[in-house]
Amino acid sequence: MSWLRMDDVRERARRYLPRFVADYVDGGAEDERCLDHNARDLAALRLVPHCLRDTRAVDTSVEVFGRTWKRPLGVAPVGFNGLVRPNGDVLLARAAASQGLPFVLSTASNARLEAVRAAAPEAAQWMQLYVMSDRAIAEQIVRRAAAAGFEALVLTVDVPVSGMRERDVRNGFKLPFRPGPRTLWDLASHPRWSLGMARHGAPGFVNLSESTGGAASAQVQAALLARAMDRSLVWDSLAWLRRLWQGPLLIKGVLHRDDAARAAREGVDGLIVSNHGGRQLDAAPSTISVLPGIVQAVDGRLPVFVDSGFRRGSDAVKALSLGARGVFVGRPAVWGLAADGEAGAARSLDLIGTEIERTLTLMGAASLRDLGPANLSLPWNPS
Ligand code: FNR
């Protein structure tokens, strides 16, 4: 089967992965409405191209915190990538680096953060942070991330509690993993995945709580298992983080324009507009629909990034036209990883990247600076 479009990559991933893993990756919260709105709202926007412009050289690169990304695209933090392929985060980090793109490592990784950083030392890597009730754990992660050379810290703020992902409940997917009869059947029908995991000792997989290989040791994993997020985390807590972390600090999971304005006032260095890929508040709006208000509220004081549901280069170009500095993707990278390891993830990122370049060319835009809100229209309403 060809890799013409992202759906092809997702199909391949679903064939390789046991169902409970594929559902963990693909699923959203409750009725999966948010997942649906992300896709629909992006599809509803149209791009209005300019004509007769010189596009012999189209430059898709973008500057972020002193780094040049080859394309305005990055890999979002995804937890438990070790379930998809052994050493999944190391492979993903290398794939992103090979494409000249940044990689964000999840707190809930099965890999040691030092190992992931060392796997692509020349590339831009950011560390994502969940703050659990025992704040000493976060302090430890932040210190280790700084020592390992992660370049920015991404504080995820949309998980005071985990969203209700009904697919996971139905599949009996919870950690520590104790497969029931249905999952055992599922595993038996996916011998390639199961053998691969068995051969590598299934790092952090069969019983995650006993794993010592995680991003921040067994302690974090235990806290994640207990879903013990710190619900007392508030704006004032940023001062605590600032004392621990000297580099750029981003907040991920902002949807309200007032929060975006507050983040700018508090001196946050960047925002990631996100609804967690539709996995948290199912009634949340699509990110593309709130992006213009947030860009306006921030008024150029800090870069605004966006994720959740971006599957095509044209989707990314829509967000860039609305003022986003870059777009992150979660599932597309993980589908590529499942489909063909590091090479698959690289290919999947290149698919979107190539589409961004072609879309810019079709738009008559020689660089991202040529894009603006006037390049967008909503569907024509004849009534
Ligand atoms: C996530 N996401 C996420 N975010 C985060 O800050 N920390 C995490 O550990 C995770 N874990 C995670 C697991 C899985 C399986 C998925 C699909 C997503 C959210 C992620 O960073 C990002 O916001 C979304 O994935 C973006 O949406 P798309 O590109 O997957 O549609």
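Author: In strand β9 (residues 270-273), G270 and I272 point one way, while L271 and V273 point the other way. All of them are buried, a residue being buried if 20 or more other C-beta atoms, placed from the backbone, lie within 10 Å of its own, exposed if 12 or fewer, and partly exposed in between. In a regular strand, side chains alternate between the two faces of the sheet. The strand names come from DSSP runs numbered from the N terminus: strands are E runs of at least two residues, and helices are H or I runs of at least four.

This is a predicted model, in which local features need pLDDT of at least 70 and side-chain atom pairs count only at pLDDT 80 or more, while totals for chains, interfaces and linings use all residues. Residues are numbered from 1 along each chain as its sequence is written.

Strand β9 has a parallel partner in β8 (residues 249-254), joined to β9 by 4 bridges; two strands pair if DSSP finds at least two bridges between them. Here K252 stands opposite I272 of β9. Between β8 and β9 the chain passes through helix α12 (residues 257-265), and this β-α-β crossover is right-handed. Right-handed means that, with the strands pointing away from the viewer, the path from the first strand over the helix to the second runs clockwise.

Strand β10 (residues 304-306) also runs parallel to β9, with 3 bridges between them. L271 stands opposite V304 in β10. The chain goes from β9 through helix α13 (residues 287-298) to β10, again in a right-handed β-α-β crossover.

The loop between β9 and α13 holds H276. This residue counts as buried because it has 24 C-beta neighbours inside 10 Å. Leaving aside neighbours within four places in sequence, H276 is in contact with D158 and G253, where contact means that the C-beta atoms, placed from the backbone, lie within 7 Å.

An unreviewed UniProt entry lists H276 under "binding site", together with Y24, R165 and R279. They span 256 residues in sequence, yet no two of their C-alpha atoms are more than 13.3 Å apart, so they gather at one spot. UniProt positions are given here in the numbering used for this model, feature names are shortened, and annotations may be inferred rather than shown by experiment.

R165 touches G27, A29 and R279, not counting residues up to four places away in sequence.

Note on methods:
Contact = placed C-beta atoms within 7 Å.
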